[in-house]
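Visitor: I would like to learn how to read features in a model such as this one. Please take them one at a time.

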Amino acid sequence: GCAVAAARIKPASYSSATQMNNARDTRRGYALVTIVGFAATLGLGGWSMIYPQSVGQASVIVNMSGTIAQANDKPGLGFKAPWQSRSTWDLFSRPVTYAGKKDAPPSYTNGEVQGQQVTSSVRGGAQVDFDFSAVYSVSGPSVKELYEKYRSQERFAAQVVEPSILSVVRAVPPIYSPVEFRGDKRGEAQDVMLTRLNERLEPYGVKVTMVNLQNISFSEDVE
């Protein structure tokens with residue numbers, strides 16, 4: 001009777017051990033697949049996690065939800081997750097140029113503003129047309145707040161930089177007569193524009209370092 005009972009127990013024990021081994025092998029297989037998948041993700045996305053940043057650049061790293069993960073204005077290598085996007089900002093020496101009679105719309109690529117020459121009036125009401133150029137820089141620490149409000153450097157240039165510049169620049173010529181504005185008072189007019197532009201743009205972290213007036217012309221009755 002004992003021999004029969006023992007014979008009956010052995011197959012059950014063998015079956016249980018086999019099941020345990022199979023379950024262990026299955027878990028190992030799942031773990032291996034997970035590790036391989038993770039390694040493949042790192043291999044494919046590793047390069048997108050590292051980005052170079054030059055002096056005079058800033059980056060805003062944005063999550064898939066649109067929230068800001070971090071802002072970085074330090075030169076060197078930066079890091080982000082493969083699913084995060086990067087908004088780049090050029091900080092130094094952004095040129096502003098209004099020149100000529102162009103039909104093309106203004107452009108704001110990388111914060112560089114380009115448009116047609118400026119029209120205003122001098123003292124007495126005569127129309128004056130002139131080319132205007134300027135150079136401005138953006139403070140690195142201000143980029144995070146600017147991104148939160150405007151979402152890109154191009155939109156910031158279009159919605160803040162250009163309207164501010166045109167408003168200030170058009171308001172200065174009426175201070176002067178035609179002879180003064182094109183003659184010995186032109187340097188003074190440039191200084192007034194520079195001072196007023198910095199007063200207007202300083203709250204945004206913008207510093208204007210140079211303005212220049214060229215090709216000043218008046219209506220035919222004044223010329």
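Guide: Take relative accessible area to begin with. A residue is buried under 20%, exposed over 50% and partly exposed in between, using a 1.4 Å probe and protein chains only. Lys185, at 28% relative accessibility, therefore counts as partly exposed. Glu188 is also partly exposed, because its relative accessibility is 38%.

Visitor: What kind of model is this?

Guide: It is a predicted model: local features need pLDDT of at least 70, side-chain atom pairs count only at pLDDT 80 or more, and totals for chains, interfaces and linings use all residues. Residues are numbered from 1 along each chain as its sequence is written, and side-chain values use heavy atoms, leaving out hydrogens and water.

Visitor: With what does Glu188 form a salt bridge?

Guide: A salt bridge is a side-chain nitrogen of Lys or Arg within 4 Å of a carboxyl oxygen of Asp or Glu. The partner of Glu188 is Lys185, with the closest N and O atoms 3.6 Å apart. The structure holds seven salt bridges. Another of them joins Lys74 and Asp73 at 3.1 Å, N to O. Lys74 is exposed, because its relative accessible area is 54%, whereas Asp73, at 25%, is partly exposed.

Visitor: Which parts does the pair of Glu223 and Arg182 tie together?

Guide: Helices (H or I, at least four residues) and strands (E, at least two) are DSSP runs, numbered from the N terminus. The side chains of Glu223 and Arg182 form a salt bridge of 3.0 Å, N to O. Glu223 lies in the segment after strand 10 and Arg182 in helix 4 (residues 178–182), so the bridge links parts 41 residues apart in sequence. Arg182 is partly exposed, with a relative accessible area of 39%.

Visitor: How many helices and strands does the protein have?

Guide: There are five helices and 10 strands. Of the 223 residues in the protein, 33% are buried. Contact means heavy atoms within 4.5 Å. Among contacts between residues at least 6 apart in sequence, 64% join residues at least 24 apart.

Visitor: How should I read a helix, and where does the kink in helix 3 lie?

Guide: Compare its reach with the expected span, which is 1.5 Å times one less than its number of residues. Helix 3 (residues 153–171) has 19 residues and reaches 26 Å from its first C-alpha to its last, close to the expected 27 Å. For a kink, the bend at a residue is the angle between axes fitted to the seven residues ending there and the seven starting there. In helix 3 a kink of about 30° lies at Val161, shortly before the proline Pro163.

Visitor: Which residues are buried in helix 3?

Guide: An α-helix has 3.6 residues a turn, so residues three or four places apart point the same way. The buried residues of helix 3 include Phe156, Val160, Val161, Ile165, Val168 and Val169, and also Gln153, Glu162 and Ser164.

Visitor: Which members of the largest nonpolar core touch the most other members?

Guide: In soluble globular proteins, nonpolar side chains tend to be buried together. A nonpolar core is a set of buried Ala, Val, Leu, Ile, Met, Phe, Trp, Tyr and Cys residues joined through side-chain atoms within 4.5 Å. The largest one here has 43 residues, and Trp89, Phe130, Phe132 and Phe181 touch the most other members. Among the elements giving two or more residues to this core are strand 2 (57–62), strand 9 (127–138) and helix 5 (186–201). Helix 3 gives the largest share, eight residues. Leaving aside neighbours within four places in sequence, Phe132 contacts residues including Ile165, Val169, Met193 and Leu197.

Visitor: How far is Asp90 from the nearest side chain of opposite charge?

Guide: For such a search, Lys and Arg count as positive and Asp and Glu as negative; His and the chain ends are not counted. Asp90 is found in strand 5 (residues 85–90). Asp90 is buried and has no salt bridge; Arg94, the nearest side chain of opposite charge, is 4.1 Å away. Beyond four places in sequence, Asp90 is in contact with Gly56, Gln57, Asn110 and Gln153.

Visitor: What is phi of Asn110?

Guide: Phi of Asn110 is near 55°, a positive value in a residue other than glycine. Asn110 is in the loop between strand 6 and strand 7. Phi of Arg151, near 70°, is likewise positive in a residue other than glycine, and Arg151 sits in the loop between helix 2 and helix 3.
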